[in-house]
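My plan is to look up a few things and jot down what I find.

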Amino acid sequence: MGELLGLIKVVVVQGKRLVIRDFKSSDPYVVVKLGDQVAKTKVINSCLNPVWNEELTFSLSELVGVLNLEVFDKDRFKADDKMGHAYLNLQPLVSAARLSHALRVSSGEMTLRKVVPDTDNCLVRESSISSINGEVVQSVWLRLRTVESGQIELKVRLIEVCDRSSR
């Protein structure tokens with residue numbers, strides 16, 4: 001693992017229009033991975049538009065990567081069914097945090113960068129990366145891949161970015 005840059009706090013807010021994997025509904029949960037770190041949300045029973053509002057924390061190393069999400073339907077007597085996957089490249093968030101630090105943004109709210117949907121990401125719509133009272137925050141809607149429908153809303157915060165120039 002590379003040098004520790006800080007923490008990534010991911011709030012898995014909600015899902016919309018998730019696919020049916022049981023008879024009439026699904027029992028979804030989300031698995032979030034960053035490198036070899038894994039965390040998951042609780043299961044929401046019988047719901048295609050679940051609200052989790054769960055915060056998951058990951059350490060962020062110099063090897064900035066991709067936040068991977070997989071959505072599953074919890075099954076009691078067999079393997080859990082896949083309900084799609086998505087990913088979020090963290091490089092724009094880290095770059096915006098460095099910009100925020102260079103500009104010495106510590107209070108108020110300032111938009112640092114916008115990220116637009118394209119074929120290389122899972123964004124549903126344009127996403128803004130902002131500095132809010134010194135924290136760098138990105139709110140995103142991600143489209144699930146390899147399924148007919150489904151979106152996941154995340155709020156991602158970068159905390160305690162190390163200043164390499166002060167070492």
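**Entry 1: aromatic rings.** Before searching, I note the rule: rings of Phe, Tyr and Trp (its six-membered ring) pair if their centres lie within 6.5 Å, and planes under 30 degrees apart count as stacked. I also remind myself that this is a predicted model. I searched the whole structure and found one aromatic pair. Its members are Tyr 29 and Phe 72, with ring centres 5.6 Å apart and planes at 25°, so I file the pair as stacked.

Are Tyr 29 and Phe 72 buried or exposed? I checked, and both are buried. Tyr 29 has another neighbour to note: the charged end of Lys 40 sits over its ring, 5.0 Å from the centre.

**Entry 2: the overall chain.** Next I stepped back to see the whole protein chain. Reading from the N terminus, I wrote the order down as β-β-β-β-β-β-α-β-β-β-β. The C-alpha atoms fill a box of roughly 55 × 30 × 25 Å along the principal axes. For 167 residues, a compact globule would have a radius of gyration near 15 Å, and I found 17 Å for this chain, which agrees. Of the 167 residues, 46% are buried.

**Entry 3: salt bridges.** Side chains of opposite charge can pair when their charged atoms come close. How many salt bridges does the structure hold? I found nine, and I looked at some of them one by one.

Glu 70 forms one with Lys 33, where the closest N and O atoms are 3.2 Å apart. This pair links distant parts of the chain, as Glu 70 is in strand 5 and Lys 33 in strand 2, 37 residues apart. Glu 70 is partly exposed at 22% relative accessible area, and Lys 33 also counts as partly exposed, at 31%.

Glu 54 forms another with Lys 42, with the closest N and O atoms 4.0 Å apart. Glu 54 lies in strand 4 (residues 51–61) and Lys 42 in the loop between strand 3 (37–40) and strand 4, so the pair ties together parts that are 12 residues apart in sequence. Glu 54 has a relative accessible area of 17%, so I list it as buried, while Lys 42 is partly exposed at 43%.

I also noted Lys 78 and Asp 81, whose side chains meet in a salt bridge at 3.9 Å, N to O. Here Lys 78 is exposed at 54%, whereas Asp 81 counts as buried at 17%. Finally, salt bridges that share partners join Lys 9, Glu 55, Glu 135 and Arg 157 into one network.

**Entry 4: out on the surface.** I looked for nonpolar side chains here, and Leu 99, Leu 103 and Met 110 form a patch with about 250 Å² of accessible area together. Leu 103 lies in the loop between helix 1 (91–102) and strand 7 (109–115), and it is partly exposed at 48% relative accessible area.

My last stop was Lys 82, in strand 6 (residues 81–89). Lys 82 is exposed, with a relative accessible area of 59%. From Lys 82 to Thr 57 I noted 23 Å in space, C-alpha to C-alpha, and 25 residues in sequence.

Technical notes: Residues numbered from 1 in each chain as written. Predicted model: local features only at pLDDT ≥ 70, side-chain atom pairs only at ≥ 80, totals over all residues. Heavy atoms only, no water. Phe/Tyr/Trp six-rings, centres within 6.5 Å; stacked < 30°, edge-to-face > 60°. Buried < 20%, exposed > 50% of the residue type's maximum accessible area, 1.4 Å probe, protein only. Lys NZ or Arg CZ within 6 Å of the ring centre and 35° of its normal. Patch = residues over 30% accessible without salt bridge, like charges linked within 9 Å, V, L, I, M, F, W, Y side chains within 5 Å. Areas by Shrake-Rupley, 256 points an atom, 1.4 Å probe, with all protein chains shown as cover. Helix = DSSP H or I, 4+ residues; strand = E, 2+ residues; numbered from the N terminus. Rg over C-alpha atoms; globule rule 2.2 N^0.38 Å.
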